[in-house]
Amino acid sequence: MYYEPFQTIYDRAALRHGGKQNLEQQLTKPLNHAQLCQHSDDRWLAAFSQKIFQSGINWQVVRNKWEGFETVFFGFDIEKMLFIHNEMWEEKAKDTRIIRNFGKAMTIRENALMISECQQSNGSFSKFIADWPTNNIIGLWAYLKKHGQRLGGNTGPYTLRIMGKDTFLMTKDVEGYLRLNEIIITGKDTKSAHQATQDAFNHWQEESGRSLNEISQCIAMSVN
């Protein structure tokens, strides 16, 4: 497989975004291992839940209601989420302080269970995430999809990026670049497409020393 040199991708992105200095100012870097471990696990549940509720509607609508979500769901405390009985979940899903959607509300309990299980085997969910090797970030995507609720597609990866875990994203621009260069030829959410993309990003990371975040952003900004 031929991969375009990362320096060529970077130079093209810089040319289209006002030069290298401007480009560097737009690139976001991931948190390091210690910083990721500092997240309390309730913040992971909150982040997953916010992304799930934002799916299909204007993101700002959810942000405007988020203080209500934090109140209704006890700050997304993992233990408290697991002790809420079914009737109370129904009541919470109807609370006017949140966006009322029973199906999405129930993902909070299921994802709290996933986080709790990781706590038992890893000490904390944050440590579990921090320990996961970025050269197999697609494995973490698959884990979230399999063991969580509604964390497939872009929901899991976007949440990882927001929380500071190094990951690439399969945005339309990134997907378009990968298809144009015949790195992926199947649906973007297939195992083969994920593995081909991981292989390409691993190559560029070894070549450049850049994070997956930065490589992903440079690719997106290098295309028309």
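Start at helix H8, residues 102–122, and select Leu113 within H8. Helices here are DSSP runs of H or I with at least four residues, numbered from the N terminus. This is a predicted model, in which local features need pLDDT of at least 70, side-chain atom pairs count only at pLDDT 80 or more, and totals for chains, interfaces and linings use all residues. Residues are numbered from 1 along each chain as its sequence is written, and side-chain values use heavy atoms, with hydrogens and water left out.

Leu113 has a relative accessible area of 37%, so Leu113 is partly exposed. The classes are buried under 20%, exposed over 50%, and partly exposed in between (1.4 Å probe, protein chains only).

Next, select helix H7, residues 86–93. Its buried residues are Trp89, Lys92 and Ala93. Look down the axis: they fall within an arc of 100°, so they line one face of H7. The arc is taken over directions from the helix axis to the C-beta atoms. Their cover includes helix H5 (59–72), helix H6 (78–83) and H8.

Now show the cysteines. The structure holds zero disulfides, a disulfide being two cysteine sulfur atoms within 2.5 Å. Cys37 is partly exposed at 29% relative accessible area, while Cys118 is buried at 1%.

Move to Asp166, in the loop between helix H11 (155–163) and helix H12 (172–180). Asp166 is buried at 9% relative accessibility. Beyond neighbours within four places in sequence, its contacts (heavy atoms within 4.5 Å) include Pro30, Thr134, Gln205 and Asn213. Lys51 lies 115 residues from Asp166 in sequence and 18 Å away, C-alpha to C-alpha.

Finish at Thr155 in H11. Thr155 is buried, at 16% relative accessibility. Setting aside neighbours within four places in sequence, Thr155 contacts Lys51, Ile52 and Arg150. Leu178 is 23 residues along the chain from Thr155, with 20 Å between their C-alpha atoms.

Definitions and conventions: Helix = DSSP H or I, 4+ residues; strand = E, 2+ residues; numbered from the N terminus.
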